[in-house]
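Please read the points below alongside the sequence and the model.

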Amino acid sequence: MNAVWTIAKREVFSFFVSPIAYVVMTVWLLFFGIVFYILALVFAQQAGGGGEANLLTAFFGGTTLFYLPLLVFAPVMTMRLLAEERSSGTIEPLLTAPVSEVSVVLGKYLAALTFWTVLWTPTLSYVWLVARAGKNTVDWGAIGATYLGLFSVGVFYMAVGLFMSAVARNQIVAAMLTFLVLGGLFVIGLAGYANVGDDLRAVFEYLGLWTQMASFSKGIVDTRYLVYDASIAAAALFLSVRALASGRGS
Amino acid sequence: MIEVDNLTKAYGDRLAVNGIRFSVNRGEVIGFLGPNGAGKSTTLRMLTGYLTPTDGSIRVGGIDAISNPIEARRFIGYMPESVPLYGEMRVDEYLRYRASLKGVRRSQLKARVDASLQLANITDVRYRIIGQLSKGYRSRVGLADALVADPPLLVLDEPTAGLDPNQIRQVRDLIRGMAGQKTVLLSTHILPEVESTCGRVLIIHKGRLVGEGAPSTLRVAQEGRQALVVEARGARDAVDTLLKNTRGVRGILDTVVTEQQGAAPLLRYRLEVDSSEVAEAVFAAVAAAGLSLRELHREQTSLEDVFASLTTADAAAQHAEPAPATTAPADSDPKPGASV
């Protein structure tokens with residue numbers, strides 16, 4: 001367990017001294033800032049009160065557009081985790097230290113979840129803005145559920161990204177594979193719009209995470225999503241461990 | 001400290017390491033010698049657990065390294081070839097990270113990092129960023145990493161690659177200084193390194209162990225094949241006959257005409273002789289024939305000759321005690337010896 005912490009700490013350190021962290025954070029904040037601004041503008045222009053809480057709901061889960069930047073950011077955040085170690089050769093000292101593959105994978109994963117959390121933290125300022133400027137009080141329960149949902153999406157996306165970084169030979173390939181899987185699942189969600197019947201549509205939307213944030217941002221904690229995210233993550237982490245271990249054979 | 005049996009690593013049909021067997025005792029300094037691509041790094045990578053062997057067994061410190069890899073790795077301080085490091089970290093941060101990864105207690109962390117910095121002689125770059133260090137410093141950071149958890153066994157893959165002559169001497173002194181306290185297994189293709197630091201040498205070629213022993217005994221094993229270099233002026237046939245008939249000369253290995261000058265060219269011979277005393281007989285014979293002699297010296301068998309004869313031609317098929325090859329490779333220069 002000590003090794004997990006040591007590896008995670010180094011990874012976080014290394015991420016935040018790399019330019020990639022600042023590029024991602026800047027673009028991220030800029031992008032979501034603009035989206036929030038536009039949404040706020042739209043809500044302000046709409047007649048009728050009581051829109052403040054809805055603004056946050058709309059921002060975090062009102063549109064599937066919310067996911068599109070994540071499909072790009074998640075691969076960029078996770079691509080270096082193991083692929084960089086492999087291409088620079090530092091994987092050799094890492095894997096010859098007396099630590100298990102499980103520790104390495106969990107350490108890297110913990111670091112990735114830390115980036116994810118750090119990137120979302122500034123959006124709390126949007127909540128603060130709405131709470132300050134709005135006439136109605138913010139529904140703090142819904143906010144809690146929203147951030148739980150966001151974290152759960154991170155649990156899913158970061159694990160898939162880590163797995164791709166474990167199998168790909170370089171970072172670009174890792175990013176592309178992650179994008180392919182996350183994007184692919186997202187597109188499956190689109191199939192729900194085809195005339196496939198209600199049951200099948202629910203399945204598609206569920207797989208593609210289209211409705212996850214819509215539900216959580218309203219304050220509905222749908223445990224099916226939590227279970228889905230966690231099981232995909234567990235599978236991806238297990239496969240990452242296997243990928244690292246089988247790498248010793250070659 | 002290390003017991004390796006039938007160690008094999010296959011990549012498809014190609015055997016990178018083919019049934020190697022050796023053992024290393026506590027406190028020994030062992031050199032792993034072989035040309036590039038012989039399987040040295042692959043063997044060390046299997047020992048340190050980076051690669052899983054296709055076949056065979058490895059015991060490190062009495063622990064089965066294949067069924068219990070993490071425990072076995074605790075014994076080992078490993079410095080990989082080309083020394084991969086995190087360029088964005090400072091030396092001090094990196095060593096702290098490595099020490100804590102290797103299970104050094106928090107309370108001992110600083111002391112261990114200080115000690116390894118000192119041993120590797122890099123205390124002056126302690127707070128520098130690794131990516132900005134020269135190759136010599138980087139490789140010594142790798143050495144400090146190997147030493148940081150104070151392991152009983154050091155596995156160093158080409159530890160002096162990229163160092164300048166002074167640094168090479170420092171590293172050799174450091175390794176020699178550890179003999180007796182630590183077991184050291186180092187790989188190299190530089191022969192003087194082995195002669196100056198190692199108590200025992202394992203010669204590996206094409207994935208097989210082709211020679212084993214102390215540097216001095218390996219040299220002695222080749223002593224049966226003594227060569228004498230003679231440079232004399234005279235008609236070629238006459239000199240040939242004269243030398244062949246001198247007592248103790250087994251035969252002429254090769255002849256080079258170094259200076260063509262009418263009927264009496266300058267000829268350079270390499271003779272296979274029974275012992276170095278034959279030089280005296282050759283001198284007497286040449287003098288008696290009234291020929292002029294420009295040079296006469298013994299060719300000393302160096303470890304390089306042993307290495308060359310073991311790792312060229314079909315020597316790979318042989319094992320352990322080497323049978324001397326019949327001819328030395330063409331590129332082996334005559335060694336400076338006693339000239340008359």
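1. The C-alpha centres of domain 1 and domain 2 of chain B are 41 Å apart. Domain 1 of chain B is made of 2-75 + 152-220 + 305-317, and domain 2 covers 224-299; such bounds come from an automatic or database domain assignment.

2. On conventions: this is a predicted model, in which local features need pLDDT of at least 70 and side-chain atom pairs count only at pLDDT 80 or more, while totals for chains, interfaces and linings use all residues. Residues are numbered from 1 along each chain as its sequence is written, chains are lettered from A and ligands numbered from 1 in the order in which they are written, and side-chain values use heavy atoms, with hydrogens and water left out.

3. Chain B has eleven helices and 14 strands. Helices (H or I, at least four residues) and strands (E, at least two) are DSSP runs, numbered from the N terminus. Of its 340 residues, 51% are buried, where buried means under 20% relative accessible area, exposed over 50%, and partly exposed in between (1.4 Å probe, protein chains only). Among contacts in chain B with a separation of 6 or more, 70% are between residues 24 or more positions apart; contact means heavy atoms within 4.5 Å.

4. The interface between chain B and chain A buries about 2300 Å², with 60% of that on carbon and sulfur atoms. Buried area here is the accessible area (1.4 Å probe) that two parts lose on being put together, summed over both. In chain B, the residues that lose the most area to chain A are B:Tyr50, B:Arg73 and B:Leu101, together 27% of what that side buries. Chain B brings 25 residues to the contact and chain A brings 24 residues.

5. Which kinds of polar pairing are counted between chain B and chain A? There are two salt bridges and twelve residue pairs in polar contact, both residues at pLDDT 80 or more. On the side of chain B that touches chain A, strand E1 (2-11), helix H2 (69-73) and helix H3 (91-101) each supply at least two residues. H3(B) gives the largest share of that side, six residues. A salt bridge is a side-chain nitrogen of Lys or Arg within 4 Å of a carboxyl oxygen of Asp or Glu. A polar contact is a pair of N or O atoms within 3.5 Å; within protein, one must be able to donate a hydrogen and the other to accept it, and residues adjacent in sequence count only if both atoms are side-chain atoms.

6. The network of salt bridges here joins A:Arg10, A:Glu11, A:Arg80, A:Glu84, A:Glu85, A:Lys108 and B:Glu88.

7. Over all chains the count is 27 salt bridges. One of chain B joins B:Asp114 and B:Arg126, whose closest N and O atoms are 2.6 Å apart. B:Asp114 lies in helix H4 (residues 106-119) of chain B and B:Arg126 in the loop between H4 and helix H5 (135-147), so the pair ties together parts twelve residues apart in sequence. B:Asp114 is partly exposed at 24% relative accessibility, whereas B:Arg126 is buried, with a relative accessible area of 10%.

8. B:Asp254 and B:Arg270 form another salt bridge, the closest N and O atoms being 3.1 Å apart. B:Asp254 is in strand E12 (residues 249-259) and B:Arg270 in strand E13 (residues 266-273) of chain B, 16 residues apart. B:Asp254 is partly exposed, with a relative accessible area of 31%; B:Arg270 is buried, at 11%.

9. Helix H2 (residues 19-45) of chain A has 27 residues, which at 1.5 Å a residue should span 39 Å; its end C-alpha atoms are 39 Å apart, which agrees. The expected span is 1.5 Å times one less than the number of residues. The buried residues of H2(A) include A:Trp28, A:Phe32 and A:Phe36.
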